[in-house]
Amino acid sequence: MTDKEKEVEKVFIGGLHEKLVEDKIIEESELDLNFSKEIRKYGGKDVMTCLQCGNCTGVCPISLKIAYKTRIIMKYCQFGLKKYTLDTRWVCATCYRCYEHCPADLNPAEVMIALRHIAIREGIIPPFIKTAATNLVKYGQSVKPDPEIDKIRIELGLKPIHTHDADYQTVIREIQVLVHASKYDKLIGIQEEVKV
Ligand code: SF4
Ligand code: SF4
């Protein structure tokens, strides 16, 4: 792995190392018996249908790389171990491979998305999420425009990104209106970036 790749990986998973609780004694008071219901409220399917077969972990590109195991997250969700699931959900790439291989027709990817919804509402927001949201309302995309990216775009036959162009400004304006109307700006804490 090159230094640059190592740096990218560090930024991506930095501070998000899975907290495995396999060897810990869990107190009953740590269990949130309404957790599976809460996951369903935010779009996840019923985690109680998980068979713990492990197919999802076996095909997950992230699980292959780091100590993040999809099956274990499903188990934590079943047991109501909410506090162990909310701070590491951001590593899921939402590639849906787990869904394709799940015999229970549970969709772990959407459970991960539901966990993000819950985490954000509990104020667990990793800095890079705030950065991506800020870039979205400022530049119309989650990544800040960069001359190096423009160079690659030109090589690929794409137009460079000119965020000051009138067309681009219209799109940014629409994004800002939507972000404000959905209260996403308040949820993430980027109200000062949204001019509506
Ligand atoms: S959607 Fe997430 S959990 Fe499922 S295989 Fe892809 S990265 Fe892994
Ligand atoms: S593939 Fe489906 S049933 Fe198997 S462990 Fe993963 S979520 Fe559970």
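**View 1. Packing of helix H7 against helix H9 in the predicted model**. Helices H7 and H9 lie oblique to each other, a term for angles that are not under 35 degrees (roughly parallel), over 145 (roughly antiparallel) or 65 to 115 (roughly perpendicular). The axes of H7 (residues 127-139) and H9 (residues 166-181) cross at roughly 130° and come within 7 Å; axes are lines fitted to C-alpha atoms over the stretch in contact, with angles from 0 to 180 degrees between N-to-C directions. Helices are DSSP runs (H or I, at least four residues) numbered from the N terminus. On H7, Leu 136, Val 137, Lys 138 and Tyr 139 make the contact, and on H9, Tyr 168, Ile 172, Ile 175, Gln 176 and Val 179 (heavy atoms within 4.5 Å). These residues comprise 7 nonpolar, 1 polar and 1 charged; Ala, Val, Leu, Ile, Met, Phe, Trp, Tyr, Cys and Pro count as nonpolar, Asp, Glu, Lys and Arg as charged, and the others, Gly among them, as polar.

**View 2. Packing of helix H4 against helix H6**. The two helices, H4 and H6 (residues 108-121), pack at an angle of about 60° with axes 11 Å apart, which makes H4 oblique to H6. Thr 70, Ile 73, Met 74 and Cys 77 of H4 meet Pro 108, Val 111, Met 112 and Leu 115 of H6. This contact has 7 nonpolar residues, 1 polar and no charged.

**View 3. Surroundings of ligand 2**. The ligand is surrounded by 14 residues (a heavy atom within 4 Å), the closest being Cys 50, Cys 53, Gly 54, Cys 56 and Cys 102. H3 (55-59) and H4 (70-79) each supply at least two shell residues.

Residues are numbered from 1 along each chain as its sequence is written, and chains are lettered from A and ligands numbered from 1 in the order written. In this predicted model, local features need pLDDT of at least 70 and side-chain atom pairs pLDDT 80 or more, while totals for chains, interfaces and linings use all residues; side-chain values use heavy atoms, without hydrogens and water.
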